[in-house]
Amino acid sequence: MRIAIYLILLIIGAVLPHFVYPVLLMKILCFAIFACAFNLLLGFSGLLSFGHAAFFGGAAYVSGYLIKNLELPTEVAIIGGVLSAALMGWLVGILAIRRQGIYFAMVTLALAQMVYFICLEAPITGGEDGMQGIPRGSFLGLSLKDDLTLYYVIFTGFILAFLIIYRTIHSPFGQVLKAIRENESRAISLGYDVPKYKLLAFVISAAFAGFAGILKMLVFNFATLTDVHWHMSGDVVLMTIFGGIGTILGPVVGSSIIITLEDQLTDSAGDMVTVIMGVIFVVCVLIFRKGIVGESVALYQRMLGRKNLPQVK
Amino acid sequence: MMLKNNKLRSVCLASLLALGIQQGAQAQISDNVVKIGVLTDMSGPYSDFSGKGSVTATQMAISDFEKKYHPKFKIEMISADHQDKADITSDKARQWFDREHVDMITDLVSSTAGLSAMKVAKEKNKIVIITGAGSSKITNAGCNDVTVLYVYDTYATGQGTAKAVVKQGGKTWFFLTADYVFGHSLETDATKAIKLAGGQVLGSVSHPFPSRDLSSYLLKAQASGAQVIGLANAGDDTINSIKQAAEFGVTPKQHLAALLIFISDVHSVGLKQTQGMYLTTGFYWDRTPETRAFSKRYFNVMQKMPSMNQAGVYSAVMHYLEAVQATGSDDTKTVMTEMKKTPINDFYAHNGHIREDGRMVYDMYLAQVKKPSESKYPWDYYQILATIPAEEAFQPLSESTCPLVKK
């Protein structure tokens, strides 16, 4: 059943760019990776970071700099960007995991704002104008100029990231994270080095957020302040919650719907987009807390349960 | 037999297709539709002098063009808000070129937006006519062959105004600069003019764009002791600077020189606080019978007089459509060549033509804001002091750093 769903999604992903505007799809995929990375932290470790934009945009700036100013190949720039995001994640993580709940969120937000101001003021980032005109170049010999080619490269990147995150969640390491989420004191009393697990989860999440930011930079040829702004950190929270916290596919569904909505609404609704997003968020929190995927799964299980119940008796 | 038949059929089909393609090439206007995109600031700090007014001006230009030429092709227009952000602009421009088959994008009111749209246009080989933004970078280091900078630039307005103020005795300057490409261009261009005219720049401070609260920056400017505080910003930032300078008692001890000010800004602030200011403009509604005629028509729709950007959009769209009409093509290179070849003389521009760096040069005007007592009727705000001829108003090609300029 599960494999069938994934196979269908894989086929849809491979065929879709021939029918839908590929740039929009690429944007969705980038945000899907971002939300999956975020979900690893929020959904599976119970840590609400409010500073993930720093990794997303920071890595985009770093690899943009590597490509544009140092003229390094795209492959090197991607690796460099991901490493920089992991390093940033490590630095932020060390400081933030000492605190819990709202304090954790505030520490991550504060540190992310510092990254924002570095991006605003540093001479190499272009300030308000952003880092523009970053060439797409080529990847493993494939020229990325064509939107379709780039789409398949990014689609592959997405599958890779998704599989690694999936594997992480289902590994013993992931089980420990869930244990920490459910009851931190018990995890400590069982002898787990909780801060170490939290830090590692934070670093992995930051690295993949950075990976998403780099891919987005490659699609649009620029890195701007929007990518490091705290709005971006908020957007990814919304996508994850809307899709379903702690579900594997939730972030993918959430980001697809939110990005498509934004795309459709910007022309007709203009400034109202933020208001509409806010309303969606409120409705989501009040009515279906498990998110779209979470509620669907629950509904499916309830239906299954009802059918199965007499047999069990 | 079956096989042969199939072969025959495919040959027929191929030749039909080839014919179809040939016919398409003859018509030369893709889908027989010329689509213009107005990408502007609908809600932000620059919406007052571009925004919906630019959309209206574009619509007026299209309907006037249709009445005058009865073109065989259809003209469509779409508009959107670029929120003055690079990413939103690129994203939108890319979508418009890819999905909406837009042939030309105009307005683009912040320099950040202008520069990012130009890059996308170059990649997609489509035309961009910037009537809103004015960083001189657009026609220098950042220039390309698909872009026209139509209305003003920081060189023209900064230079013109700074020269006039130094001449009036404002020798020492301090800059209040919007911290992005446009503000810095404006400061650099004005600084050159001030030094040439024998003035002195004591320092500058950059403020985030856009800013509601400029008090700390204004106090720095006040502490500098400069005679003139040069406002290297625009729109709401300029309005806030002028209002807050009065509140903090910066003025009238020190003078303000707005290096780019629009009639809409003067209208918002009022003559009391803006009187006596010098400004350089490409358009003033009350200058000639033609400008008045256009502006009154515009006023009937918008209930405001047009700014130079809004009047400029009309002129730019008209010039573009006339080039399409003349060549019978919407091909980027053909239209650009025609636009650069044809001089522009309409209610808006006198002695206008587009140079190889994309700069549309035309006569600009040095104006001074009237005293409240001199203003006789609504929107009677400016006194035109002098005409700055096209060759003097804009940066000479010899100083240009645009690679397209052959030296």
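Two strands are said to pair if DSSP finds at least two bridges between them. In the predicted model described here, strand β10 (residues 278-281) of chain B and strand β13 (residues 364-369) of chain B meet this condition, pairing in the antiparallel sense over four bridges. Within this pairing, B:Thr280 has B:Leu366 of β13(B) as its bridge partner.

Elsewhere in chain B, four strands form an open sheet with parallel pairing, in the order β7-β6-β8-β9. The edges of this sheet are formed by β7 (200-207) and β9 (255-258) of chain B, each of which pairs on one side only. On average, and with direction ignored, neighbouring strands of the sheet are turned by 25° against each other. Strand β6 (residues 172-178) of chain B runs parallel to β7(B) and is joined to β7(B) by seven bridges; in this pairing, B:Leu176 stands opposite B:Val205 of β7(B).

Two helices of chain B lie across strands of this sheet. Helix α6 (residues 181-196) of chain B lies across β6, β7 and β8 (228-232) of chain B, and runs at about 165° to β6(B). Helix α8 (residues 236-247) of chain B, in turn, lies across β6, β8 and β9 of chain B, and its direction makes an angle of about 175° with β9(B).

Two packed helices are described by the angle between their axes and the distance between the axes. For helix α2 (residues 22-45) of chain A and helix α9 (residues 194-220) of chain A, the axes come within 9 Å and cross at roughly 170°. Because angles over 145 degrees count as roughly antiparallel, α2(A) is roughly antiparallel to α9(A). Sorted by class, the residues in the contact of α2(A) with α9(A) comprise 20 nonpolar, two polar and three charged.

The two chains also touch each other, with 20 residues of chain B in contact with 16 residues of chain A. On the side of chain B that touches chain A, the elements that give two or more residues are β2 (74-81), α3 (86-98) and α4 (111-124) of chain B, and α3(B) gives the most, with six residues. By class, this side of chain B consists of seven nonpolar, four polar and nine charged residues.

How values were computed
Residues are numbered from 1 along each chain as its sequence is written. Chains are lettered from A and ligands numbered from 1 in the order in which they are written. This is a predicted model: local features need pLDDT of at least 70, side-chain atom pairs count only at pLDDT 80 or more; totals for chains, interfaces and linings use all residues. Axes are lines fitted to C-alpha atoms, for helices over the stretch in contact, and angles run from 0 to 180 degrees between N-to-C directions. Angles under 35 degrees count as roughly parallel, over 145 as roughly antiparallel, 65 to 115 as roughly perpendicular and the rest as oblique. Ala, Val, Leu, Ile, Met, Phe, Trp, Tyr, Cys and Pro count as nonpolar, Asp, Glu, Lys and Arg as charged, and the others, Gly among them, as polar. Two residues are in contact if their C-beta atoms, placed from the backbone, lie within 7 Å.
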